[in-house]
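Work through the exercises below with the sequence and the model open. Each task is followed by a solution in steps.

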Amino acid sequence: MPAFADRLQHNLISRLRLKQLSLLLVLERHRSLSRAAAELNLSQPAVTKALREIEEIFLTPLFHRSRAGLEATETGASVLAYARLALADARALGDELAVLDAGLGGRLRIGVIPFIAPAILDAACSHALSQQPRIAVLVREGTTDELVGALRAHEVDCVIARSFYASGEDIVQMPLYREEPTLVVPSRAAARLSRGPLDWARLATLDWIMPPPQTPTRRTINTMFATAGVAPPLPLVETYSIKTIATLLRTQPRTITIVPRAVAVELAHGGGAALLPHALRWDLPPVEAMWLRRAQHSGPLMALVTALQRASG
């Protein structure tokens with residue numbers, strides 16, 4: 001075993017190249033030597049030879065043939081997972097070097113959920129742009145699941161989202177703030193819907209705007225209806241887009257939604273929407289900053305985390 005491990009380590013350090021990892025991912029995607037060869041503009045024998053050379057480096061087959069085409073072996077699946085991270089890191093390094101060459105101080109990739117307090121997003125962008133030299137910023141929106149996946153795939157450096165994930169060996173989480181839910185309706189309907197006690201059955205008959213299925217906020221809204229003994233309504237529109245929600249509230253008189261209070265205030269300030277006075281409660285976790293434990297020694301990243309912590313105050 002030690003001799004095998006030493007030989008494998010030697011091969012990986014002295015022979016493995018990024019272009020070989022890239023070839024493996026093309027083979028995984030197409031599951032065919034001929035289709036992979038066509039994409040790479042190579043002959044099939046050249047791709048077969050290249051795969052054989054890669055498998056010699058790893059000292060074991062990485063794919064086997066089946067009726068469905070090429071399928072990764074157990075070792076191959078591990079190598080493919082590493083290949084995705086290695087190539088993502090290589091792309092990130094290229095982007096980092098490009099911004100340094102342009103005279104900037106680096107690059108931060110931030111993933112955010114759409115329902116985020118404007119002050120937190122402002123703090124993230126303002127922090128990066130106020131550095132000397134300034135830091136380039138990439139802001140990517142998505143659901144918590146999408147963003148955590150992107151974090152683990154090394155596609156973003158920091159995620160600001162509501163998390164149901166327990167802190168694990170790979171991810172560090174820092175709570176930033178909690179927010180209460182708020183009912184938001186078109187301005188012209190606010191006076192009528194504000195009268196009397198909260199009536200979930202009456203609200204269920206309206207045209208609901210809800211986040212997509214399987215998101216933390218959607219699941220929580222459904223629970224609020226169920227707790228009140230009312231079946232959750234079928235939404236008219238499913239979206240996380242604040243711009244879309246604002247447009248619907250302004251143009252559709254029967255629309256209604258539940259959003260975090262900071263988002264509700266933003267919608268009302270944009271005109272055409274109003275907050276209902278009913279007090280609501282939900283059990284959503286706090287909005288948190290998340291980053292990979294392996295990146296804790298990154299000065300720019302940790303400075304961003306400090307800025308977010310100050311903004312959440």
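Buried area is the accessible area (1.4 Å probe) that two parts lose on being put together, summed over both. The model is predicted: local features need pLDDT of at least 70, side-chain atom pairs count only at pLDDT 80 or more, and totals for chains, interfaces and linings use all residues. Residues are numbered from 1 along each chain as its sequence is written, and side-chain values use heavy atoms, with hydrogens and water left out.

**Exercise 1. Describe the interface of domain 2 and domain 3.**

Step 1. Locate the parts. An automatic or database domain assignment supplies the bounds: domain 1 is 4-83, domain 2 is 103-178 + 286-312, and domain 3 is 181-275. Domain 2 and domain 3 have C-alpha centres 28 Å apart.

Step 2. Count the residues. With contact taken as heavy atoms within 4.5 Å, 10 residues of domain 2 touch 14 residues of domain 3.

Step 3. Take the area. About 950 Å² is buried between the two domains, and carbon and sulfur atoms give 79% of it.

**Exercise 2. Give the strand order of the open sheet of five strands and name its edges.**

Step 1. Helices (H or I, at least four residues) and strands (E, at least two) are DSSP runs, numbered from the N terminus. Two strands pair if DSSP finds at least two bridges between them.

Step 2. Read the order: 4-3-5-12-6, with mixed pairing. Strand 4 (136-141) and strand 6 (171-177) are the edges, each pairing on one side only.

Step 3. Check one pair. Strand 5 (residues 158-162) and strand 12 (residues 287-292) run antiparallel and are joined by four bridges. Here Ile160 stands opposite Ala289.

**Exercise 3. Which strands pair with strand 8, and in what sense?**

Step 1. Strand 8 (residues 207-210) runs parallel to strand 10 (residues 255-260), with three bridges between them. Ile209 has Thr257 as its bridge partner in strand 10.

Step 2. Strand 8 also pairs with strand 9 (residues 237-238), in the parallel sense over two bridges. In strand 9, Glu238 is the bridge partner of Met210.
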